[in-house]
Structure formats: C-alpha cells, structure tokens
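Please walk through this model with the coordinates open.

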Amino acid sequence: MACLFCRIVAGEEPAQTVLEREEVVGFLDTRPVFKGHVLLVPRRHVDTLTELPDDLVVPLFGAARDVAGAVRTALGPRAASWR
Ligand SMILES: [Zn+2]
C-alpha cells in the first residue's frame with residue numbers, strides 16, 4: 001500500500017490517533033504546524049479534497065468540526081481558530 005495515510009488507517013504505520021469513526025480517522029501530525037494540529041482522512045483512499053465523494057463530505061467535515069471543538073476545549077479559544 002503506497003499511501004502513507006492509508007497505511008496509518010490500516011494500522012501499518014504508527015500514529016497518535018485522536019479520532020476513529022466508521023468513515024474517518026484523525027491523528028496528530030508528526031510535524032505540527034501549530035499546537036493540536038490534527039490530520040483527518042477518510043478510511044477510503046481519496047487523492048485530493050476536490051475528489052472527495054459526496055457521501056464522505058458530511059462524515060469528514062463533521063469530524064473536522066468536532067475535532068476543532070475538542071482542540072478548543074483542550075487548548076483554549078485561540079488554538080482552534082481558522083487561519
Ligand atoms: Zn490513501
């Protein structure tokens with residue numbers, strides 16, 4: 001399996017997983033751009049955001065909303081703002 005994210009989803013690569021749902025997995029970035037930097041990927045491989053199938057839009061962006069809320073709770077209001 002060539003894709004790093006798919007290997008993480010399959011458990012073949014170590015990751016600090018923070019979210020596991022039926023369609024989506026979230027884990028901490030190994031080279032965070034900011035504190036609480038979480039990467040969210042669909043369990044099904046998708047090359048780019050513009051190729052995200054309709055049925056994954058709600059699961060992925062619902063997870064993004066929920067992670068943003070959790071990061072805000074954990075790190076304070078400035079940590080999870082859009083930049
Ligand atoms: Zn992949």
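Two strands are said to pair when DSSP finds at least two bridges between them. The model to which this is applied here is a predicted one. In it, E20 stands opposite V25, a residue of strand 2. Strand 1, residues 17–20, pairs with strand 2 in the antiparallel sense, over three bridges. The link between strand 1 and strand 2 is a hairpin of three residues.

Strand 2 also pairs with strand 3, again in the antiparallel sense, and here there are five bridges. One of the residues involved is F27, whose bridge partner in strand 3 is L39. Four of the five residues of strand 2 are buried, so this strand is largely enclosed by the rest of the structure.

The protein chain has two helices and three strands, and from the N terminus on they run α-β-β-β-α.

Nonpolar side chains tend to be buried together in soluble globular proteins. The largest nonpolar core in this model has seven residues: V9, V24, V25, F27, V38, L60 and A63. Strand 2 (24–28) and helix 2 (54–75) each supply at least two residues of this core. The largest share, three residues, comes from strand 2.

Leaving aside neighbours within four places in sequence, V24 is in contact with L19, L40, P42, R43, P59, L60 and A63. Of these, L60 and A63 also belong to the core.

P42, one of the contacts of V24, lies in strand 3, which covers residues 38–42. Is P42 buried or exposed? P42 has 21 other C-beta atoms within 10 Å; because the cut-off for a buried residue is 20 or more, P42 counts as buried. With neighbours within four places in sequence left aside, the contacts of P42 are E23, V24, L56 and L60. L28 is 14 residues away from P42 along the chain, and the C-alpha atoms of the two are separated by 15 Å.

Last, the chain as a whole. Of its 83 residues, 11% count as buried. Among contacts with a separation of 6 or more, 37% join residues 24 or more positions apart. The C-alpha atoms fill a box of roughly 35 × 30 × 20 Å along the principal axes.

Technical notes: Residues numbered from 1 in each chain as written. Predicted model: local features only at pLDDT ≥ 70, side-chain atom pairs only at ≥ 80, totals over all residues. Core = buried A, V, L, I, M, F, W, Y, C linked by C-beta atoms within 7 Å. Buried ≥ 20, exposed ≤ 12 C-beta atoms within 10 Å, placed from the backbone. Contact = placed C-beta atoms within 7 Å.
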